[in-house]
Amino acid sequence: MGYHKRLRIVSGILKDKGSFVKTTLSTKRHKASTRRVILRATTHGSSVPPSDHRIAAVIGLGHGSRFTACTCIQAVMDRLHRTKDSSVALKCLYTIHNIINKGSFILKDQLAVYPSSGGRNFLNLSTFRDGSDSETCDMSAWVRWYAGILEQNMMVSRILGYHLNSPRSKNEIIGFLNSDLLKELDVLVNFADHLGNVPADSLYLQRKSLVHEIVRLVSEDYRSVQREIFVRVTELGARMASLSWSECTEFLSCINRFEGCKDRIAVLLVNRNRNDDLWGLIKETNANLVAAIEKKENKGKMVVVATADNESNNLTRFSQLFRLAPSGRWVEF
C-alpha cells in the first residue's frame with residue numbers, strides 16, 4: 001500500500017472519529033444517536049461491506065417512530081451526498097439497498113420520492129468522481145452505476161406499486177389494461193438496460209468484498225425483474241390477437257431492447273440468472289409479434305384498397321346517373 005493511500009485512509013478514519021465526537025456533543029440527542037448508527041455502517045478505511053449487525057441496526061431504526069425513520073434516511077442521504085470517498089459512497093448505497101429490501105414500510109416510504117422529481121432522496125450521482133488514484137476512479141464508475149441501479153429499482157417500485165421483493169400474484173395482472181402492462185414492461189426493461197451498463201473496464205474490482213456483495217444484491221434484483229418480465233410477456237402474448245398495431249410495435253420494441261441487454265448483462269453475471277425459459281419465451285414472442293404486425297399492416301392495406309375501389313365505383317355510378325349542364329349544375333339524365 002502506497003504512502004498516499006495510507007495517508008488517505010488515516011485521514012478518513014480521523015474524519016469519522018471527528019464526526020462521532022460531534023454527534024456525542026450534540027444537544028439533539030435523538031438525531032445524534034441515529035447519525036452514529038449511519039456512521040458506523042459507512043466508515044472510511046476499507047472496501048468491506050457493512051457487517052450484518054451494522055445493517056440490522058440501521059433497519060431497526062424503521063421500527064420506531066416516523067420521525068426516527070425520517071432522521072435515518074436524512075442521515076444516510078447527507079452522508080452520501082457529502083462524501084468524496086468512493087468506498088463510503090458505495091457503503092451508503094449498499095445501506096440504502098438493504099433498506100429497500102429489508103426495511104419497514106416507514107423506512108421505504110421515506111425513500112419513495114420519485115428520483116426525477118428532484119426531491120431530497122434523489123441520488124443524482126451521475127457526476128461523482130473520487131480522483132485520489134486510478135483505483136478510486138474505477139470505483140467511482142461503480143458508484144455511478146450502482147446509484148443508477150437503485151434509482152431504477154425505486155422507479156420500478158413506483159410504477160408496479162410494490163417492491164421487487166414482494167411480488168404481486170400473477171392472477172392480479174389479468175384485469176390490467178394493455179397500456180398498463182406495456183408501461184410496466186417498459187420500466188422493467190429500463191432496469192435491465194441500466195444493469196447492462198456495468199463498468200466493464202473495471203470488473204476486476206469484484207475481488208473486493210464490497211463490490212462482490214453489491215453484485216450479489218443486484219443479481220437478486222435482476223432475478224425478480226426477470227420474473228416480472230416473464231409474467232407480463234406471457235400475458236401480453238396471450239392477448240396478441242386483440243392488440244392494436246401501435247401496441248404490437250411498442251411491445252416488440254420492449255422485447256428487442258431486452259434482447260439487446262442479454263450479452264451486456266452476461267459480462268457481469270456470467271452464468272448466473274440465465275433463465276433459459278424466459279429467453280425462449282422472448283424469442284418465440286418476438287417471432288409471433290413480427291408476424292402479427294405484418295398481418296395487421298397487410299390488413300390495413302387491404303382496407304385502404306377496398307375503400308379506394310368503393311369510392312371509384314361510387315364516382316362511376318354517379319356519372320352514369322347525372323350529367324353536368326351548361327349552367328354548371330348536375331342534372332339527372
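**Ground rules**

I am working with a predicted model, where local features need pLDDT of at least 70 and side-chain atom pairs count only at pLDDT 80 or more, while totals for chains, interfaces and linings use all residues. I number residues from 1 along each chain as its sequence is written, and my side-chain values use heavy atoms, with hydrogens and water left out.

**Entry 1: the chain as a whole**

I began with the secondary structure and found 11 helices and 2 strands. For the elements I took DSSP runs numbered from the N terminus: helices are H or I with at least four residues, strands are E with at least two. Read from the N terminus, the order is α-α-α-α-α-α-α-α-α-α-α-β-β.

Next I looked up burial, and 45% of the 333 residues count as buried. My cut-offs are under 20% relative accessible area for buried, over 50% for exposed, and partly exposed in between, with a 1.4 Å probe and protein chains only.

Then I turned to contacts, meaning heavy atoms within 4.5 Å. Among contacts between residues at least 6 apart in sequence, 77% join residues at least 24 apart.

**Entry 2: helix 3**

Which residues of helix 3 (residues 52-60) are buried? I noted Ile55, Val58 and Ile59. Seen down the helix axis, the buried residues of helix 3 fall within an arc of 100°, so they line one face of the helix. The arc is taken over the directions from the helix axis to the C-beta atoms.

Two packed helices are described by the angle between their axes and the distance between the axes.

For helix 5 (residues 86-102) and helix 7, the axes come within 9 Å and cross at roughly 20°. The two helices are therefore roughly parallel to each other; the classes are under 35 degrees for roughly parallel, over 145 for roughly antiparallel, 65 to 115 for roughly perpendicular, and oblique for the rest. Helix 5 passes helix 7 in a left-handed crossing, the term for a near helix turned anticlockwise from the far one by less than a right angle, with clockwise being right-handed.

On the helix 5 side I listed residues including Leu90, Leu93, Tyr94 and His97. Their helix 7 counterparts include Met139, Trp142, Val143 and Tyr146.

**Entry 3: helix 8 with helix 10**

Helix 8 (residues 178-195) packs with helix 10 at an angle of about 20°, the axes being 8 Å apart. That makes helix 8 roughly parallel to helix 10. I also noted that helix 8 passes helix 10 in a left-handed crossing. Among the residues that meet are Leu182, Leu185 and Val189 in helix 8, and Phe251, Cys254 and Phe258 in helix 10.

**Entry 4: aromatic pairs**

How many aromatic pairs does a search of the whole structure find? I got 2. Rings of Phe, Tyr and Trp (its six-membered ring) pair if their centres lie within 6.5 Å; planes under 30 degrees apart count as stacked, over 60 as edge-to-face and the rest as tilted.

Trp142 and Trp145 form an edge-to-face pair, at 5.4 Å centre to centre with 80° between the planes. Both lie in helix 7, 3 residues apart, about one turn of the helix, and both are buried.

Phe258 and Trp279 form a stacked pair, at 4.5 Å centre to centre with 15° between the planes. Phe258 lies in helix 10 (residues 245-269) and Trp279 in helix 11 (residues 276-321), so the pair ties together parts that are 21 residues apart in sequence. Phe258 and Trp279 are both buried.

**Entry 5: single residues**

I found Asn124 in the loop between helix 6 (105-110) and helix 7 (134-160). Asn124 has a positive phi of about 45°, although it is not a glycine, and at 45% relative accessibility it counts as partly exposed.

Is His44 buried or exposed? At 14% relative accessibility, His44 counts as buried. It sits in the loop between helix 2 (29-41) and helix 3. His44 and Val88 are 44 residues apart in sequence and 6.0 Å apart in space, C-alpha to C-alpha.

My last stop was helix 9 (residues 209-238), where I looked up Glu213. Glu213 counts as buried at 18% relative accessibility. Not counting residues up to four places away in sequence, Glu213 touches Pro49 and Tyr94.

Note on methods: Axes fitted to C-alpha atoms, helices over the stretch in contact; angles between N-to-C directions.
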